[in-house]
Amino acid sequence: MSLHERDSVVSLDELYGRHHGWLQGWLRRSVGCSQQAADLTQDTFLRLLVRGKPISDRAPRALLARIARGLVIDHWRRDALERAYLEALAQLPESSHPSPDVRDEALRCLERIAQLLDGLKPAVREAFLMYQLGGLTHAQIALELGVSSRTVERHVAAALLHCYRVCYEQ
């Protein structure tokens, strides 16, 4: 049974007209900022436009909320990354601060790394970051995490495979 046989299809214009105000209010309560809520509302409808699939009129608010929730999580992740990056920059002498363009590019890279590592178990992610960024050996990581060297090897391999799949098998 196709979508058309079970449910009626609603146009994006109609969905926008009926639910834009509700979604923006819902997002305002969620993020606490009316401007950010307005941006996330537009991004939610943009996601629906780009996906290009028919939109069922069954539970449209649930669909909008699911998409918006993912965008809010991305927003919070970006915000946390930016705060951490700016805190790290504050530790450096002002003369070595990067230009705004370099800073924006660094934040985009950090965001992409966070997306790549999303979905990994915390222990796997921690072992991978200690290995890749901390320059620690498997034995040093094993000692730090209280696991065997072989477990660290498996964690690092699993993280590399995960990143490969995210990048190349989408």
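This is a chat about a predicted model of a protein chain.

User: Hi! Which domains is the protein chain divided into?
Analyst: Hello! In this predicted model, the chain is divided into domain 1, covering 7-99, and domain 2, covering 119-169.

User: And what separates the centres of domain 1 and domain 2?
Analyst: Taken over C-alpha atoms, the two centres are 31 Å apart.

User: You mentioned L27. What is L27 in contact with?
Analyst: Setting aside neighbours within four places in sequence, L27 is in contact with G32, A37, L40, T41, A68 and V72.

User: Let's switch to helices. At what angle do α7 and α8 pack?
Analyst: Helix α7 (residues 138-145) packs against α8 at an angle of about 105°, and their axes are 8 Å apart. That angle makes α7 roughly perpendicular to α8.

User: Which residues meet there, in α7 and α8?
Analyst: From α7 there are H138, A139, I141 and A142, and they meet S149, V152, E153 and V156 from α8. Sorted by type, the residues of this contact are five nonpolar, two polar and one charged.

User: Where is H155 found?
Analyst: H155 sits in helix α8, which covers residues 149-168.

User: Is H155 buried or exposed?
Analyst: H155 is buried, because its relative accessible area is 18% and the cut-off for buried is under 20%. Apart from neighbours within four places in sequence, H155 is in contact with A123, V124 and A127.

User: New topic! What is phi of A59 near?
Analyst: Phi of A59 is near 55°, a positive value in a residue that is not glycine. For background, most residues other than glycine have a negative phi.

User: Where does A59 lie?
Analyst: A59 lies in the loop between β2 (55-56) and α4. With a relative accessible area of 46%, A59 is partly exposed.

User: Thanks, that helps!
Analyst: You're welcome!

Definitions and conventions:
Residues numbered from 1 in each chain as written. Predicted model: local features only at pLDDT ≥ 70, side-chain atom pairs only at ≥ 80, totals over all residues. Heavy atoms only, no water. Helix = DSSP H or I, 4+ residues; strand = E, 2+ residues; numbered from the N terminus. Buried < 20%, exposed > 50% of the residue type's maximum accessible area, 1.4 Å probe, protein only. Contact = heavy atoms within 4.5 Å. Axes fitted to C-alpha atoms, helices over the stretch in contact; angles between N-to-C directions. Parallel < 35°, antiparallel > 145°, perpendicular 65-115°, else oblique. Nonpolar A, V, L, I, M, F, W, Y, C, P; charged D, E, K, R; others polar. Domains from an automatic or database assignment.
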